[in-house]
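Colleague: Could you take a close look at a single chain of this model and describe how it is built and how it meets its partner?

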Amino acid sequence: MKQRVTLNINGTEEEVYAEPWWSLAQVLREEFGLGGTKIACNTGDCGACTVLLDGKAVRSCLILAVKAQGRKVVTIEGLRGKDGGLHPLQQAFMEHFAVQCGYCTPGMILTAKSLLDENPAPTEEEVREGMSGNLCRCTGYAKIVEAVMAASARMRGEHR
Amino acid sequence: MSKYSVIGTRLQSIDATEKLTGSAKYTTDISFPNMLYGKILRSPHPHARILNVDTSQAERLAGVKKVVTGKDTIGKKQGVWRRFPDLCDEEILCRDKVRYVGDPVAAVAAIDEDTAMEALSLIKVEYEVLPAVFDPLEAIKEGAPLVHYGVELNINNTRHIEWGDVDEAFRRCDHIREDMFRCSSQAHACMETHGAIASFGYDGKLTVHTGSQSPYYIQVLLAEMLGLREGDVRVIKPPTGGGFGSKFELDSAQFCASLLSMKLCRPVKIVLTREEEFTATKRRTPMYYAVKLGAKKDGTLLAKEVRAITEGGAYTGMGATALYLTGFFSSFPYKYPNYRYDGYRVYTNTAPTSAMRGFGAPQATFVGESQIDMMAEDLGIDPMEIRRKNGMAPGYEVPGEAFIGSCGLHECLDQIEERIKRRGKLPANRGIGVAAYGFISGGIFNWFDTPYAFSAAMVRVNIDGKVDLFTGAADTGQGANTTLSMICAEELGVRLEDIRLHVGDTSICPPDLGSWGSRETLMNGSAVKMAAADAKRQLLEFAAAALKPNIVYDLDIKDRWVHLVDRPEKGMSYFDAVKAAIRGKDGEAIIGRGHYSPHRKGMVSPAFSFGVQAVEVEVDTETGQVSLVKATTAHESGTVINPIGIEGQLEGALAMAAGYGLSEELPIHDGKIQNGCFRDYKLLLAPDIPETEIVEVETYEPEGPFGAKEAGEGLTNPTAGAIANAVYNAVGVRITDLPITPEKVLKALHEKKHKKPSEA
């Protein structure tokens, strides 16, 4: 039987009736139309469905929607810069050509966001390690790592 | 004024913002009112006769709208080698027998995925299990089970390439090597699995949304398989989450969704699971190689003889092309005066093998570049020197096969050699290996038998100066959309933001064979350039009337400025010229048309890219683990359209090709692929990727737009061979069987250690 779940999605209080076996990824995509959360394996192995749950990067295909009750979810649609334009991470991914097919991109960016929130000045090695749970078949990761390093520098500059 | 205003600048991908914000709508993100969800029932047996399919129970399940089986099709077999009906061998929904674990038997449309899944479990299929054969070396033997009726010894396709007098040349060689190699399979592992939404209406027209490398191929093949006119099938390609060779053949999601939609006149969506993607879509062709190589003492390569047996799996797909290309590229990038190739593609009861980035060339290059190092060592010649001595050069003709126009191989060799020298002496268990490579810029072969030009484009210049570019190119993430828009902007003399690109809709874009075989930059780019030039010529007619230059002056447009070429300060605004021209044409928008098909360019490709890669590895002799330390690639692809885009291609190819060299494979047991998930299929991860250096060697290819040629696929070729050579140089063991796993390295180190005393 469907259960009522209330959660905060991208800053807005929402409610949804979800079957107990529905994943958070499924609910975000199908009930809220937030297609930026990609499901590429549905087994928690690729990171494409990464969202922020109470600020931490999680694989939303492995989390039941009912378990997100009362929690804060940020998807790629909710990530924006201070002026409402692109977030510095999105900006850096664009400038560094870190997007090719784009299917892993939302998960990559949200993983990077969580990483930089915890460690605003990571080394390149820490970025590579921090992104190691997200698969990309197009870029070979080089430009993604470059973009995260560039965004980190820019975000630190902004916060000063 | 500089030569180019758009080309050569590091431009961001024109579709990046949509992808970065989650706004891009891929096939899976699209839904329609009244849409149903489909699932496919697949064979659990590698080889079995279908005696009966009972769908009655499934049909009775609440929420199930339709179940189809092979009996619901018009009974055709499909394939991309349409010139050869025998090679069109795949029914998709099997009617008589199944040939691999994963072969589709039935498909269901239901109100949601859960119901469709449940319905699959209610379909009762009665099979007569048949003896199966999995290894091509077994399948080619007398008495082996036949995968397809009447195909003797399971030989699906043979290819023979020969020039010179090979046997006579071997007699003149001072040294001959004979070696065996084995190349493994590889999964495309696109982040987006195959999927389609088919919408058939009461008007008899079918529209299919599907991520694809060739909407045109899918349109034609669907029409054939469903008994529709091509013009009644419209294929729309949303942004596509990777292709790498996996998405230009008709697949089970596209076909089953369309068939179900036709029965119901409702939209049906089928998206393959990751497990289906790994086990029931096509994959890179595993190959066995026996190679004989003969040389003079001074390192001159006189003769090469290659025999290859490839694992075809259950169907042909594009595998026959891989069989040819692996033979052709086994001669690359060297000037063998005498060469012979015999290739056999053999049917087996395994998942079909077909095109994957490199298309037979990564296998050929691993084998060829390993063996040339072995030969150099035998002869006591430096590996760079033997490559330089025999390497292709501009103007070389591959006898009877191809003409090499531009070629920067020797410059690439120089660049790499200089960088290797700079590395100096390496620590213990470290080694650098080199591999040289080349690749096609689109195939000349037309086995699909299209009557259309290989590429075409249309340019429409509107009153505000905005340019609509229509072309059939298929961007799967590699950046074709950006490259083609840049070519259009450069030729027309406008800025990138003046171009609005219309791609991925067969009903409005001219046909294009699609993005495979590294076609798009040279072939589609040439069509786009021609269309833009046609539009520009029309604009200049009106500009000339307005500017009234002395007749000896040429006019051109650059960065929105129409001007006299020799007196660039004299001119008029592009926008004014557009307004004048449209007014002068009685209000008709300016329309330019372009097309490209290769002519008089041999059998293989109008142009070839070249390069040399050096990979430095460190081998842990305790564990056998090979770590990548550094990869340096000197690459030559004619004029570089978008430098940052090429870097992205190179870095991505390196990761995919290093995965092929080190960790990626699809082990099969009793016909079942054992690692159908990302946990067990080992892609390289961010920390595995070494420091990469890219040296762009510029050449000019007369056949390509602004001198450009292939820039993305050939880069998949060198890495496995370079790694193999590096491992040998690091610890003295030669691995001839991909991938180079820790187990193989350890075993070889062990054998080497225990062999020494007896030899001494």
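Modeller: Of the 760 residues of chain B, 60% count as buried, a residue being buried if 20 or more other C-beta atoms, placed from the backbone, lie within 10 Å of its own. This is a predicted model, in which local features need pLDDT of at least 70 and side-chain atom pairs count only at pLDDT 80 or more, while totals for chains, interfaces and linings use all residues. Residues are numbered from 1 along each chain as its sequence is written, and chains are lettered from A and ligands numbered from 1 in the order in which they are written.

Chain B holds 18 helices and 32 strands, taken as DSSP runs (H or I, at least four residues, for helices; E, at least two, for strands) numbered from the N terminus. Its radius of gyration is 27 Å, close to the 27 Å that the globule rule gives for 760 residues, so chain B is as compact as a globular protein of that length; the radius is taken over C-alpha atoms, and the rule is 2.2 Å times the number of residues to the power 0.38. Along its principal axes the C-alpha trace of chain B spans about 90 × 75 × 45 Å.

Turning to the partner, the contact takes 40 residues from chain A and 43 residues from chain B, where two residues are in contact if their C-beta atoms, placed from the backbone, lie within 7 Å. On the side of chain B that touches chain A, α1 (16-20) and α16 (643-662) of chain B are the elements that give two or more residues, and α16(B) supplies the largest share, eight residues.

How values were computed
A residue is buried if 20 or more other C-beta atoms lie within 10 Å of its own, exposed if 12 or fewer, and partly exposed in between; C-beta atoms are placed from the backbone.
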